[in-house]
Amino acid sequence: MATPQSDTPLSPLRTVAVVGLGTMGTGIAEVLAAAGRDVIGIDVSEAQAAKCVAALEASTARAVERGRLTEQQRAELLARVTTGTDLSAAAPADLVIEVAPESYEIKQQIFRELDGIVRPDAVLATGTNALSVTRLAADSAHPERVLGLHFFNPAPAMKLVEVVSSVLTAPAAVTAVTDLALDLGKEPVAVGDRPGFVADGLLFGYLNQAAAMYEARYASREDIDAAMRLGCGLPMGPLALLDLIGIDTARTVLEAMYTASRDRLHAPAPILKQLSEAGLTGRKAGRGFYTYEAPGSGTVVADALTPREDGPSAVGRPVRSVGVAGSGTMASGIAEVFAKAGFEVVLAARSEEKAQAAKARIGKSLSRSVDKGRMTAEAAASTLDLIRATGTYDDFADVDLAVEAVAEDLEVKRQLFTTLDKVCKPGAVLATTTSSLPVVACARATSRPQDVIGMHFFNPAPAMKLVEVVRTVLTADDVHATVREVCSKIRKHAVDCGDRAGFIVNALLFPYLNNAVKMVQEHYATLDDIDAAMKLGGGYPMGPFELLDVVGLDVSLAIEKVLHREFRDPGLAPAPLLEHLVAAGCLGRKTGRGFREYAKR
């Protein structure tokens, strides 16, 4: 068997064959031609090859309309692309990129045929995101020239390209395709050969957990998707993304990941198999988790699962005044939100001094809004006047809704709810903002558990649109309706979920963050490459390590422990590296060092 050679640089990859002219292959062909490469497009289907040409003509015509290309540049780009159905057309290629269906049999057959067609120094790349590059390389006559080149969809728009080496790949081949990716205007990330690589390796575990959450009827598809868009700033919710990717494709990727990892988080949720085998594979079929206007359409249409617009049937209780308990950032942010919506707010803390400091923080926040032109000075002054700061919870006697925003410690919260039970009037709604503790434990600290509910705001509360509304098995219907109505009045998007660890957002977010830590711990990829992969390949506003350092490693570890304790899944056990950093006092930005180091303020 040939061994990797590192001392022979390859000639520039000027002529590239693309085998498989579906959506991804067509996109890759466009990117290559736009960068001045000669492209040989090959597909077993003559119709698909013609469809590729039509798609390129339409795409480049749009580019001309938008001023991105001139007519001459368009003509030159299209002239650089030839298409056909015979694999022998790849003979002059310096690089062949295979983008055939995710099947070892199909891909291995292509690579075996290419061995007898292309030059010995030509590089062979597979576009797989689920199959073993090593296994494909080992079956080739020249395994040292085989690697993975994983573009993301849509290829012209997405910046990330994962360059995947096997133990057999020659460094010169890696260098050549990395240089090509840079020349295409992409950001290449070097990764080793394991299913999913970096971006999909993290993304598909998260998507699988979302599918399982929906299958368990924990939350509606609309609420799961809205929670992740609004709570994490993601461009799409996980179930809508599964429909876009293709549910059958997701199942294939997850099966490959599970075969390699035996991590239950990667075991495909049964609903993925059910939908796939029923032909409900997502947008391309016109129906998946959602129903679409037509196959291939992205327009969602109402179906039997679409929520009724008239909302819950129960009538809520009247709410004029709100008590907010706490003096931290979250408490002051929530008080500001309610006051801006016209509610009278009692802001209570353990001392008058702490309460006044929290009100002063709100005043500064409102001043910044005035400076940015978001509100008038008069509106800011009247908003602040609606907030009364106090050092005693006795002043909650007349509030209609009491919102607890104290430390994330169950005993502290239980003691507070015992106090609220004594001071709040009958019929007042009592809400906790906990992000990970059981709401029912707070409810049981009172004599009126039917009046207790979770209202999980996200930080910073004035900016973040999401509130997770958490019902316990004891919460009254009219209490739930009250909180939904209040969320509407304060212009927040409410999502419903049950009382279990992590609710929607944290239950999906933190296993993903934990898996990113495991990748670094196992020396599979660097912090920078993982962060880049998730921002460029997944559209995430922050990479996982940027986010962990912002949230706080101690907070993250505590949430991971709660999830592991609740679900008893070994895959949810906190990564030892996270535990070691917390033990060392490296908690993120707040201490100046977490996964990265930060300049002291």
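Me: How many helices and strands does the secondary structure of the chain come to?
Reply: This is a predicted model, in which local features need pLDDT of at least 70, side-chain atom pairs count only at pLDDT 80 or more, and totals for chains, interfaces and linings use all residues. Residues are numbered from 1 along each chain as its sequence is written, and side-chain values use heavy atoms, with hydrogens and water left out. Counting DSSP runs, numbered from the N terminus, with helices as H or I of at least four residues and strands as E of at least two, the secondary structure comes to 22 helices and 18 strands.

Me: Why is the chain as compact as a globular protein of its length?
Reply: The globule rule, 2.2 Å times the number of residues to the power 0.38, is set against a radius of gyration taken over C-alpha atoms. For 601 residues the rule gives 25 Å, and the chain is as compact as a globular protein of that length because its radius of gyration is close to this, at 28 Å.

Me: What percentage of the 601 residues is buried?
Reply: Buried means under 20% relative accessible area, exposed over 50%, and partly exposed in between, with a 1.4 Å probe and protein chains only. By that criterion, the buried share of the 601 residues is 53%.

Me: Why is Cys424 too far from the closest cysteine sulfur for a bond?
Reply: A disulfide is taken as a pair of cysteine sulfur atoms within 2.5 Å, and a search of the whole structure finds 0 of them. Cys424 itself is buried, at 5% relative accessibility. Its closest cysteine sulfur belongs to Cys442, and a bond is ruled out because the distance is 14 Å.
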